[in-house]
Amino acid sequence: MHNMNQQGNQQQPGSMPNQQNTNHGGHELFDAHEIIAGIISMLDQYQMYDQHIQDPELKDILQRQTTFVTQAYNTIVQTFQTGQDPAVPTQQYEMQQDNNVVYGITPGQPKKPNASINDLSDQGLSAYMLGNTKSLSSLLAMTATEMTNPVLRRVIADTVPNFIEMSYEIFLYQNKHGYYQVPQLAPQDMQHMLNSYTIVQQGNQLH
């Protein structure tokens, strides 16, 4: 990999001096720009949410995720610009919520758009946060399959589980407070769905 990167940095006949590393495909460059711009957008929006959040627990989630994503941003940008291993490798995000999910639906007031910014609530703000992390999870996973630079590809792929974990953390916070309710099927319907498949005996496969 080191030799490949050296070759990518060599000046080619007719090229401009101080040319940046060239071992990126054109489509990959566009994808990387979309990822980096998306992360910047998330961090900018988190700053706006922070001004309106009332619950200290949600504010703590936002601030921990901001710190983590800022480092992820630096790692991705450095890898994108150099095509080499970043100074700080991809980290692992660790949420602080437990994994207990509350199932069932409790009727509440019908929802509608806010009449003004004064109507912002922790319920809505946590939903905006979840929208940010979920959309970036999908974007990172999709673009990781189309990266040509092996180092950038690995960094992007390794970042996907972190955004999934952040999404799960926000979901659990919302679920605990009744903001994100989880309906279930009737027990007999659930059992029917769970038993819809059977294990393949590998010894019976054709050779």
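Reader: How many aromatic pairs does the count come to?

Author: The count comes to six aromatic pairs, where rings of Phe, Tyr and Trp (its six-membered ring) pair if their centres lie within 6.5 Å. This is a predicted model, so local features need pLDDT of at least 70 and side-chain atom pairs pLDDT 80 or more, while totals for chains, interfaces and linings use all residues. Residues are numbered from 1 along each chain as its sequence is written, and side-chain values use heavy atoms, without hydrogens and water.

Reader: Stacked, tilted or edge-to-face for Tyr49 and Tyr128?

Author: Tilted, because their planes are at 45°, with the centres 5.8 Å apart; under 30 degrees counts as stacked, over 60 as edge-to-face and the rest as tilted. Tyr49 lies in helix 2 and Tyr128 in helix 4, so the pair ties together parts 79 residues apart in sequence. Helices here are DSSP runs (H or I, at least four residues), numbered from the N terminus.

Reader: Is Tyr49 buried or exposed?

Author: Tyr49 is buried, at 9% relative accessible area, whereas Tyr128 is partly exposed at 33%. Buried means under 20%, exposed over 50%, partly exposed in between (1.4 Å probe, protein chains only).

Reader: Switching to the largest nonpolar core: which residues touch the most other members?

Author: Met129 and Ile156, of 38 residues. Such a core is a set of buried Ala, Val, Leu, Ile, Met, Phe, Trp, Tyr and Cys residues joined through side-chain atoms within 4.5 Å.

Reader: Which helix gives the largest share?

Author: Helix 5, with ten residues.

Key:
Helix = DSSP H or I, 4+ residues; strand = E, 2+ residues; numbered from the N terminus.
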